[in-house]
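Visitor: I have a structure to go through with you. Can we start with the layout and then turn to the charges?

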Amino acid sequence: MTGDGDRRDPFAPRWQLEDLIAEALDGLARGESGDAKRIDGRALAVKASPMRGNSVHITTGMAALPPGFTTRPHSHAAEEVALFLRGSGSVEIDGVAHRVTAGTLLVTPSDLVHVTHSDPGDEPL
């Protein structure tokens, strides 16, 4: 309810996991697919954010890293919640390596430098 008693429709953007995976992998292979775009060697797809107008406080999306890939070191003000769906690798957070495999949920604290590494092989992370 809003302050004046008017009912506000619930706002609930949603996606199917298999569709998100397919979009990210296709973006990695082709350079662009839906919201997924290949940037710095990996595919990124922002699905909800304040800039897109479909979120107020959270930015969420998908990424696909090719096998044997390493992101550049970076940090950001927001915490990062990453659910790894396929592949394996590690995320180095402030100099400490954290192993990740399919099914791992990892939270990177805000403002810490982190780097994601995908293992070599056939499967993207």
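Visitor: In what order do the elements of the protein chain run from the N terminus on?
Guide: The order is α-β-β-β-β-β-β-β-β-β, with helices (H or I, at least four residues) and strands (E, at least two) taken as DSSP runs numbered from the N terminus. This is a predicted model, where local features need pLDDT of at least 70, side-chain atom pairs count only at pLDDT 80 or more, and totals for chains, interfaces and linings use all residues. Residues are numbered from 1 along each chain as its sequence is written, and side-chain values use heavy atoms, leaving out hydrogens and water.

Visitor: How many salt bridges does the structure hold?
Guide: There are 8, each being a side-chain nitrogen of Lys or Arg within 4 Å of a carboxyl oxygen of Asp or Glu. One of them joins Lys47 and Glu23 at 2.9 Å, N to O. Lys47 sits in strand 3 (residues 42-48) and Glu23 in helix 1 (residues 17-30), 24 residues apart.

Visitor: Lys47 and Glu23, buried or exposed?
Guide: Both are buried (under 20% relative accessible area; exposed is over 50%, partly exposed in between, with a 1.4 Å probe and protein chains only).

Visitor: What else does Lys47 pair with?
Guide: Asp35, at 2.7 Å, N to O. Asp35 lies in the loop between strand 1 (32-33) and strand 2 (36-39), so this pair ties together parts 12 residues apart in sequence.

Visitor: And which Arg forms a salt bridge with Asp35?
Guide: Arg52, with the closest N and O atoms 3.3 Å apart. Arg52 is partly exposed, at 44% relative accessible area. Glu23, Asp35, Lys47 and Arg52 are linked in a network of salt bridges.
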